Amino acid sequence: MLTFVISIALLVAAYFIYGKFVEHYFGADPSRQTPVQKLADGVDYKEIRPWKAFVIQFLNIAGLGPIFGAILGAAYGPAAYLWIVLGCIFMGAAHDYFSGMLSMRHDGMSLPDIVGQYLGKTVKKILLFFVSLMLLAVGVSFVVGPADLLATLTSWPKEVWLYIVFVYYLLATLLPIDKIIGTIYPYMGAALLFMAVGVGGMMIVKAVSGDITMTELTLETLKNYHADPENNVLVPMLFIVISCGAISGFHSTQSPLVARCLVNERYGRPVFYGAMICEGIVAMIWATAAMAYFGGPEGLNAAATEGIMIDGVLTKVTPAIAVDLICRSWLGKIGAVIAIIGVIVCPITSGDTAFRSLRLTLADGLKYRQKPLLNRLIVAIPVFIVAYIMCKVEFSTIWNYVGIGNQVLAMTTLWAGAAYLVKAGKNHLILSLPATFLTFVCVSYFLIAPYPSGGLDLNPVIGYAAGTVTALALFVWRIVSARKAIGYCATKR
C-alpha cells in the first residue's frame, strides 16, 4: 500500500510544484487575449467555464484509456507504477499543457498546423494525414465497442446501436460545443471519477483489513511479469501499452477543442496539466486494483491466459471483465451500474470528440470556415460515411497500430514544443529530453514488437541499438539547431 499512497501523493504534489514550474516556464500571460475573445463564433470558439472546460478535457483524453490500458499494463508488474507516475508528471502533463497552450497562442490551431509552425510544412502535411487517420481509427473503435456492449446487455441488435451511436456522434460533431458535450460531460466525468475514487478507497480499506495485498515496487519486483515475456518485453512494450495515464499523443489532438474556449491563459494549468494528472491518478488506481484483486501480477496474468470461473464458466479475463468484477465485488450493486456507465459511456465521450477534432483538423487544413452549418456538414458527412464503412470490416488490425501511433504523435508534439522553446529563446530540455526518450521507445517498438502488434519482430538488441542511435541523433540535432538559432539572433543584434 505504501507504493500506491506515495504514487498518488507525488502526482498531486506535481500539479502544484512541477505544473507551476511548467506554467511559469512557458510564460502564461493572464492579460493576453485568447482565441475565443478574438474569434468567437458560437460553435467551436465559445466561452466555457473553467471547471466545465476541465471536465471536458478530462473526458476527452480519458475515456477507457487510463482504465483498460492500465489493467493491460499491470500484467507487466509494478514497473507500471513507475511509468505512470514519472511519465505523467514529466512527460504527459507537460505534453498536454504545451499542446493546449500553443493552440491558444495560435488562435486555436489544430495540431498539424501547430507542428507545421515549428517543424516545417512537410511535417505538417505528413501529420495532417497521420492525425486524420488516427482520429478516424479512434472514433470508429469507440463506435463498435460500445455498440457491441449495448447489444450484449439489451435485446436490440448491434446494427441498431451502431446507428444510435452514430447519430449522437454526428450531433456532437456539428452542434456548438456547449450544447451536448458541455451539457452531459459533467455527469459522465462525475461517474468516471466516482468509480475511480470508490475503487481506490475500497482498495485501501481492504488492504488495511488484510483482505487483499497491494503489490509494492521494490528492486525485486521491478521485472517483467508478463505471461508471454518473449513477445512482450518490458522495454518498450510497457510504454506503448500504457499511453493514456502516462503520455498519449491523442491528447494533443483534443486540447485545441478546449483551447478555443478558455478566456484566460491562467486556466491552462488546471485544465491541461491538471486533467492529465487526474488521468494519471485514475490509471494508478486501476493498475493497482488489477494486481490486488487477482492476487498480484502473476494472478492477473493467469486470469487473462488461463481464465477463472465466472458463474460456473471458465472465462479468460479481459480488461472489461476485470472492471466489472472489481466494481461488483468492491462497490456492490451501485458499482455494477457505474461499471456499465464507465465501460460504455466513457469511450463514447472520447469517440464524439475524436470526430469533432477530425472535422476541425480537416477544416483547418483546407482553410474552410466552420461557422456555417452547411460547411460543417460538407466536412463531417464524408467522414461519417467512411467511418460507417470501416465499422463493417475487421478493425483489429488497424487498432493494433493505434497504440504506437499515439506515441509517435506524442513524440512529434514534444519535438515541436522543444522547437517553440528554442524560438522563444528558452532552454528546450524539459521537452527535448522526454522527446528523446519517446523516440527511442517508438523506434525500438517498430523493430522489436511482434507482427500482430505492428512491429517487425527483430532481435531486441537491434531494436535497442537503432532506437538509441535515432534518439541521440535527433537530440544532438536539436542542440545544434538551438545553438545556431542563438548565434543567428546574436548576429542580428
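In the predicted model, helix α15 (residues 319-366) supplies the largest share of the lining of the second largest pocket, 3 residues. This pocket has a volume of about 390 Å³ and is lined by 18 residues. Tyr 45, Arg 260, Asp 364, Tyr 368 and Arg 369 lie nearest its centre. By class, the lining divides into 9 charged, 6 nonpolar and 3 polar residues.

The structure holds 11 salt bridges. Among them, Asp 107 pairs with Lys 38 at 2.6 Å (N to O). This pair links distant parts of the chain, 69 residues apart: Asp 107 lies in the loop between α6 and α7, and Lys 38 in helix α3. Lys 124 forms a salt bridge with Asp 113, with the closest N and O atoms 2.9 Å apart. Lys 124 lies in helix α8 and Asp 113 in helix α7, so this pair ties together parts 11 residues apart in sequence. Asp 113 counts as buried at 7% relative accessibility, whereas Lys 124, at 24%, counts as partly exposed. A network of salt bridges links Lys 20, Glu 23 and Arg 269.

Helix α12 (residues 250-259) is mostly covered, with 10 of its 10 residues buried. On the surface, Met 1, Val 5, Ile 204 and Val 208 form a nonpolar patch with about 310 Å² of accessible area together. Val 208, in helix α10, is exposed at 61% relative accessible area.

Technical notes
Residues numbered from 1 in each chain as written. Predicted model: local features only at pLDDT ≥ 70, side-chain atom pairs only at ≥ 80, totals over all residues. Heavy atoms only, no water. Buried < 20%, exposed > 50% of the residue type's maximum accessible area, 1.4 Å probe, protein only. Helix = DSSP H or I, 4+ residues; strand = E, 2+ residues; numbered from the N terminus. 1 Å grid on protein atoms, 1.4 Å probe; cavity = no way out; pocket = protein on both sides within 12 Å on 5 of 7 lines; lining within 4 Å. Points joined across faces, edges and corners; volume = space filled by probe spheres on them. Nonpolar A, V, L, I, M, F, W, Y, C, P; charged D, E, K, R; others polar. Patch = residues over 30% accessible without salt bridge, like charges linked within 9 Å, V, L, I, M, F, W, Y side chains within 5 Å. Areas by Shrake-Rupley, 256 points an atom, 1.4 Å probe, with all protein chains shown as cover. Salt bridge = Lys/Arg side-chain N within 4 Å of Asp/Glu carboxyl O.
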